[in-house]
Amino acid sequence: MKLTAQIKLLPTPEQADLLLRTMEMANRACNAISAYAWQHGAFRQYDLHHALYHDLRQQFPLSAQMVVRCLGKVADSYKLDRATQRTFMERGGIAYDSRLLTYKEGELSTISKRLVEKAKDTGRAIALEDLSGIRSATVSRAERSRHHNWAFYDLRSKITYKARRRGVPVVLVDPAYTSRTCHACGHCEKANRKRQAAFVCQACGHCDNADRNAALNIAARAEVNQPIVAQAA
Ligand SMILES: [Zn+2]
């Protein structure tokens, strides 16, 4: 999902505590996975999954998706090199994707409203992927399946609808290659996109969350294509 929304969660103190403890727990799991990977020279997610998944589920009170995400995070961290054992900070970021985050009724509405209001207040346009050519060969099967995600479509249509009502321009951008192009140096290669979540540039070594990297490319394309629209109030 390349629709990257920066969301400020406003949890109750109990929810904040739970999120924090989940984060710490996930990073402890990552450290356990990394230690195993390092000791056994097993760095592929597939191998780590088979060796550790059941133990991890017993050892850590984390959801299945979260354990899978931790295995992926560790496997990704060894993609660049295997020279040092990776360790993870207690409060290191854990990527929540649409399978980990479930939206309550009304939340997508709030998110889209804030996004549109923010664009309106700051005189900016909103860039979205142009999905009309989504069947083209440049879009991977994995990406296509994410476009079928319900939350993705729902949020998209809410943004489009509200932007139109508030007079905020929506710029549609051809998404071809945005997920495999490095936002730092422009190098385009399929291997840059290591996994769904991880972007590692094969040319300059730039690492980023894959969705974030793609979103920055989308924003840059929108600017290049429509400089005047982007300034419209
Ligand atoms: Zn690069």
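So, to start with a definition: the expected span of a helix is 1.5 Å times one less than its number of residues. Helices here are DSSP runs of H or I with at least four residues, strands are runs of E with at least two, and both are numbered from the N terminus. Keep in mind that this is a predicted model, where local features need pLDDT of at least 70, side-chain atom pairs count only at pLDDT 80 or more, and totals for chains, interfaces and linings use all residues. Residues are numbered from 1 along each chain as its sequence is written.

Okay, the overview. The protein chain has seven helices and four strands, and along the sequence they follow the pattern α-α-α-α-β-α-α-β-β-β-α. Of its 233 residues, 26% count as buried. For us, buried means 20 or more other C-beta atoms within 10 Å of the residue's own, exposed means 12 or fewer, and partly exposed is in between, with C-beta atoms placed from the backbone.

Now α3, residues 64-77. Its 14 residues should span 20 Å at 1.5 Å a residue, and the end C-alpha atoms are 20 Å apart, so that agrees. This helix is mostly covered, with 11 of its 14 residues buried; among them are Met 66, Cys 70 and Leu 71. What does the covering? It includes α1 (13-40), α2 (45-59) and β3 (198-200).

Let's go to α1. Here 28 residues should span 40 Å, and the ends are 41 Å apart, which agrees too. Its buried residues include Ala 26, Cys 30 and Ile 33, and their cover includes α2 and α3.

The axes are lines fitted to C-alpha atoms, for helices over the stretch in contact, and angles run from 0 to 180 degrees between N-to-C directions.

For α1 and α2, the angle is about 140 degrees and the axes are 11 Å apart. That makes α1 oblique to α2; under 35 degrees counts as roughly parallel, over 145 as roughly antiparallel, 65 to 115 as roughly perpendicular, and the rest as oblique. On the α1 side, Ala 29, Ile 33, Tyr 36 and Ala 37 meet Leu 48, Ala 51, Leu 52 and Leu 56 of α2. By class, that contact has eight nonpolar, no polar and no charged residues. Nonpolar covers Ala, Val, Leu, Ile, Met, Phe, Trp, Tyr, Cys and Pro; charged is Asp, Glu, Lys and Arg; the others, Gly among them, are polar.

Next, α2 against α3: about 140 degrees again, with the axes 10 Å apart, and therefore oblique to each other. Residues of α2 including His 49 and Tyr 53 meet residues of α3 including Val 67 and Gly 72. This contact has seven nonpolar, three polar and one charged residues.

One last stop: Thr 87, in the loop between α3 and α4 (107-121). Is Thr 87 buried or partly exposed? It is partly exposed, because 13 other C-beta atoms lie within 10 Å. Leaving aside residues up to four places away in sequence, Thr 87 touches Asn 31 and Ser 34, where contact means C-beta atoms, placed from the backbone, within 7 Å.

Terms used: Two residues are in contact if their C-beta atoms, placed from the backbone, lie within 7 Å.
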